[in-house]
Amino acid sequence: MILTLLTFGDRLENHYQASFAILTYLQSDLISKVCVVTDRPCYYKYFGDRVDVIEIDQNKMNEWRGNHDFFWRIKMKAIETAAHHNAGQDILYVDSDTFYVRDMEKIVLGLSQGNSFMHENEGKLVEMTSKTPRKMWQSLSGKTFSGVTINKETEMWNAGVIALSRKDAQHVISLAIDICDEICATDCPRRLVEQFAFSVALKDSTLLVAAENQIGHYWGNKPHWNEKIGDFFMLSILSGSSLEDDLKRIQHVDLETSPTVYKEKSIKGKVKNFLDKIFPPKEVQYFKGRTQ
């Protein structure tokens, strides 16, 4: 299975998050190769021949935004490009702010059975209460895109993980991009269109399964994880450790007890700590497959 990531731009945190993620996924022997689509190939020399870089530039990313100039279409085209470069292979795309914990064999087995994976099911679009999904439902309900009709059973899945079998990858990615382009031609708000298009395409073409018990996604607690990752790599630099040393050391990093989502209270300091004990923050989530 080919692990695939997309990184670009000057923000170093995007690249050290990706590097930390790669170290976690390389704990599984079922990852046969890592493919990074990036405009900063120099940042991945650390991995040597463990990482195959597909280099892109701003012109390519502008082209990938498509006729409707949709930013996150870049991600869809990056996955498509990686799949073309690795034809005949299962593809596991992950966002940089993810980490692998255990049971990769469950994903590999599912792909061999014709399933696909995204990180987690966020619910039926019609039942979602936040502003953007509500507006999406109002805009898209009952309409058909590339042969798929949006109805009350249509779901939104988190696209931090997208795993596609070698049999379905090319077709499903192409369908997702077509659905995305057609939705972008409507008045639908665009913020979540990329992940919604993948959700619709994968659900229509395959049995879609959650990968939340194998992979964590800290999209809602990046400051804490950035500090954790920074400490990890700073120790690597100060101690002169090699990639192989870091692959061994990351086995002992606790990935399960740090929240993946943490919404801070507006109150700070001792009062906040006191209130946290009495009224724990509601917006706290952890890796779903953590051991208790």
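This is a predicted model: local features need pLDDT of at least 70, side-chain atom pairs count only at pLDDT 80 or more; totals for chains, interfaces and linings use all residues.
Residues are numbered from 1 along each chain as its sequence is written, and side-chain values use heavy atoms, with hydrogens and water left out.

## Exercise 1. The cavity

Task: Find how many cavities of 30 Å³ or more there are, and describe the lining of the largest cavity.

Solution. 
- Start with the rule. On a 1 Å grid over the protein atoms alone, a cavity is a set of points where a 1.4 Å probe fits but cannot get out; a pocket is an open set with protein on both sides within 12 Å along at least five of seven lines; lining residues have an atom within 4 Å of a point.
- Grid points are joined across faces, edges and corners, and a volume is the space filled by probe spheres set on the points.
- By this rule there is one cavity of 30 Å³ or more.
- Now the lining. It has 13 residues, and His119, His217, Thr260, Tyr286 and Lys288 lie nearest the centre of the largest cavity.
- Assign elements next. Helices (H or I, at least four residues) and strands (E, at least two) are DSSP runs, numbered from the N terminus.
- Strand β13 (residues 215-217) gives the largest share of this lining, three residues.
- Sort by class: Ala, Val, Leu, Ile, Met, Phe, Trp, Tyr, Cys and Pro are nonpolar, Asp, Glu, Lys and Arg charged, and the others, Gly among them, polar. The lining of the largest cavity then has five nonpolar, five polar and three charged residues.

## Exercise 2. Ring pairs across the chain

Task: Which parts of the chain does the Phe20–Phe232 pair tie together, and which does the Tyr46–Phe233 pair?

Solution. 
- Set the cut-offs. Rings of Phe, Tyr and Trp (its six-membered ring) pair if their centres lie within 6.5 Å; planes under 30 degrees apart are stacked, over 60 edge-to-face, and the rest tilted.
- The structure holds eleven such aromatic pairs. Phe20 and Phe232 form one of them, edge-to-face, at 5.6 Å centre to centre with 85° between the planes.
- Phe20 sits in helix α1 (residues 12-25) and Phe232 in helix α8 (residues 222-239), so the pair joins parts 212 residues apart in sequence.
- Check burial: buried means under 20% relative accessible area, exposed over 50%, partly exposed in between (1.4 Å probe, protein chains only). Phe20 is buried at 0%, and Phe232 is buried at 4%.
- Tyr46 and Phe233 have ring centres 6.2 Å apart and planes at 85°, so this pair is edge-to-face.
- Tyr46 lies in the loop between β2 (33-38) and β3 (51-55), and Phe233 in helix α8, so the pair ties together parts 187 residues apart in sequence.
- Tyr46 is partly exposed at 30%, whereas Phe233 is buried at 15%.
- Ring pairs link Phe20, Tyr46, Phe47, Phe232 and Phe233 into a cluster.

## Exercise 3. Charges over rings

Task: Which residue lies over the face of Phe232, and which over the ring of Tyr286?

Solution. 
- Apply the test: NZ of Lys or CZ of Arg is within 6 Å of the ring centre and within 35 degrees of the ring normal.
- Arg249 lies over Phe232, 3.9 Å from the ring centre.
- The charged end of Arg290 sits over Tyr286, 3.9 Å from the centre of that ring.
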